[in-house]
Amino acid sequence: MNRRVFLIGGAVAAGACGRSPRLNVYNWSDYIAPGTIHGFERETGVRVHYATYESNQEMLAKVMTGNSGWDVVFPSGDFIGPMRDLGLLAPIDRQMLTNLDALAPEFRRPPWDPELRWCVPYMHGVTGVLYQRSLRPAPRSWADLWDERLRGRLTMLDDQPEVLGACLQKLQRSLNSGDPGELRAARAEALAQKPLLRAYLNAEVRDQAVAGDLLASQAWAVTAAQAIAAAPAKLAFALPMEGFPRFCDNVAILRESRRRELAHRWIDYLLRPETAEAIVAATHTASANGAAEQLLPPEIRENPVLYPSASELSRGEWFESQPLESQKLRDRMWTEIKSS
Ligand code: N2P
């Protein structure tokens, strides 16, 4: 039996027997500090079962049944609306959150949930190109990732909106396009690039880039910052000329959760500036917590991979939820690309 399934099974069984309260938290990898869980457990007497995922799609596949055993998940902004509409999310009770003021102004009324009724912004970032400094000329655009010299040492993210988004931006189109003709052209780009790819990879990119196995990768800033911290002389990160995605991952409570009060306590604990600061310092992420940002050491606060300048960010484009029809078309195309 896979370890994750085992953990959930155990959590559900323990809940049924009425042992010490526990909270089941399912998060992206590298999104908490080593002491985060322990601090919460010590303070509250609650046991936390914690496991990680590598994409929204992986998380969604698990919680879709409404009977997954998880209480808290971290969907990206473009997944909040669809998950709410599928009845998967429980409303946030703002009265139970004492630390909401810590959010940076930009994340107090995010477009995907302006009243913070369904989620609280957690981490944000950009997607760009992580590459070996030895690669000359250095990649500067998405189009540079269709280059024969990268054959076998190139990766793209294992993520439908990211890959179709990069292909659309390469074609000077919006990464959120739902236009069937534009999407067909994007699919053709992805299919043309596939023979050059080593794999579609997410967090694993970090170790492979540090080891020097990869020349260039489509990567989240978080992953890139961790890789660069491990090999600063070898690796660098570029925000593509054609434009690039911005994302924000949010903490949300599942409707199936029977521990909503505990879940709110967990969220309020994550919102504490000290908790958020410790997480960012340990993981090299960019927090939606403005108060934590003030506490960060300069090498993180001034890291341009995590916190690009306002003028650079103005070239970025937020992911948006897709209408059902284009969502289905995109999913079908992604299946074709992956299986081609
Ligand atoms: C890093 C998590 C990146 C999240 N493991 C991208 N939404």
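1. Helices here are DSSP runs of H or I with at least four residues, strands are runs of E with at least two, and both are numbered from the N terminus. The model is predicted: local features need pLDDT of at least 70, side-chain atom pairs count only at pLDDT 80 or more, and totals for chains, interfaces and linings use all residues. Residues are numbered from 1 along each chain as its sequence is written, and side-chain values use heavy atoms, without hydrogens and water.

2. Start with the largest pocket. A pocket is an open set of points on a 1 Å grid over the protein atoms alone, where a 1.4 Å probe fits, with protein on both sides within 12 Å along at least five of seven lines; lining residues have an atom within 4 Å of a point. Its space is about 520 Å³, the volume filled by probe spheres set on the points. There are 23 lining residues; Leu 60, Phe 79, Pro 82, Gln 322 and Gln 327 are the closest to the centre.

3. Which helix supplies the largest share of that lining? Helix 4 does, with six residues. Helix 3 (56-63), helix 5 (160-170) and helix 14 (324-339) are among those that each supply at least two.

4. Now look at helix 4 (77-85). Its buried residues (under 20% relative accessible area, 1.4 Å probe, protein chains only) are Gly 77, Asp 78, Phe 79, Ile 80, Gly 81 and Met 83. They pack against helix 3, strand 3 (72-73), strand 4 (89-90) and strand 10 (244-254). Gly 87 follows helix 4, with a positive phi near 75°.

5. The second largest pocket holds about 200 Å³ of space. Among its 13 lining residues, Phe 237, Ala 238, Pro 304, Val 305 and Glu 312 are the closest to the centre. Strand 9 (residues 235-238) gives the most to this lining, four residues.

Definitions and conventions: Buried means under 20% relative accessible area, exposed over 50%, partly exposed in between (1.4 Å probe, protein chains only). Contact means heavy atoms within 4.5 Å.
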